[in-house]
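Thanks for coming. Please look at the sequence and the model on the screen, and then I will go through a few places in it.

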Amino acid sequence: MLVNALAMVVRQSNIAVLWPTFCLLFFLLLGGSFWAQAQDAVSVLKAKTMVGNAAVNDAAEGTLQAFTFARNLIFFPAQVNGQKGNFILDTGAPTLLLNNRGVDDGFSTSLGVASGGAVALTNQRVESFQMAGEDHGRIWALTLDLRSLEARMNQEIDGFVGHEMLRNGELRIDYPNRTFQLRKSTRFPLNEGAAPRMVFRIEFVDHLPVITLKSGKRKLRFAIDTGAGANLIDARHAGLLEDTGTKMNIQGLDGTNADYSIVRLLQKPSEFTDAAALQFLSLDLSHLQNPQETLIDGLLGSAFLSKYIVGIDYRRRRLYLW
């Protein structure tokens, strides 16, 4: 199984509008299977929001947007400056991330250092961005060359849609029926007349929605990441984990590879009965941490989320599961 692992440290330019230091992690898993279904991508973009993006306003009720669920990623159509494209819905991304396919037509360029070499990043002003029945107007986007990701996924990928486009209300994702909707935040949300089966309080670590689960007496904080095909947990929690006896081989951009263990929590959180949904890939996540912020113990990706209808209410800071 092949993984494209990209960990980036950004050098800011001297342009007036700057992106703070961030790290970007892509895993692209090709072929094979992972826990009885293909787990094909994990993407986490940790960054602060570009200065000048629109303020938070009450969300309008967006249209129901159909999506395709390919290699455990949510693909859907959206329009940038009137041009239709193929995008990935990614709650792990801070804003709109566009594929420039090697054409640098923006400004305020930074240099990303990846495991396989340097990656150019550019800030770009977008005149209009439309998705799920909403027009977000003029916004800032981050661009980089995603052609290698397109080649590995064997389809066009025009970008990722993240926090800036989602934060005004509730993002409702119906994984079983392959639809999502940007909804108004409500105090008592219902899905087809039913209250959520589970409700979790969200805290934000930078732009990442994070929930807390208890494993025995330990509290673990997991970021909710729709751009992650697999669940991840930091290897520093080895004492809480049981090895399943299976491994996954990860190969980086520089061609080096290593095997990582697939593990499960020795003491499963009481809310969940599906043990397979809470299996994890154990690896070092120290590059995602910020000493000034709450530590993140792992990511809950589509291996977990796709079992449910999911509501992420950014305004009320709640995660709903039906």
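In which loop is Asn154 found? Asn154 sits in the loop between helix 1 (147–153) and strand 14 (159–161). Helices (H or I, at least four residues) and strands (E, at least two) are DSSP runs, numbered from the N terminus.

A word on the source. This is a predicted model, where local features need pLDDT of at least 70, side-chain atom pairs count only at pLDDT 80 or more, and totals for chains, interfaces and linings use all residues. Residues are numbered from 1 along each chain as its sequence is written, and side-chain values use heavy atoms, with hydrogens and water left out.

Back to Asn154. Its phi is near 60 degrees, a positive value in a residue other than glycine. Asn154 counts as exposed because its relative accessibility is 67%; buried means under 20% relative accessible area, exposed over 50%, and partly exposed in between (1.4 Å probe, protein chains only).

Arg71 also has a positive phi, near 50 degrees. Arg71 is in the loop between strand 5 (68–70) and strand 6. At 32% relative accessibility, Arg71 counts as partly exposed.

Now the inside. A nonpolar core is a set of buried Ala, Val, Leu, Ile, Met, Phe, Trp, Tyr and Cys residues joined through side-chain atoms within 4.5 Å. The largest one here has 49 residues, and Leu96, Phe129, Met131 and Phe180 touch the most other members. Strand 6 (residues 73–80) contributes the most to this core, with four residues. Apart from it lies another core of 12 residues, including Phe75 and Leu149.
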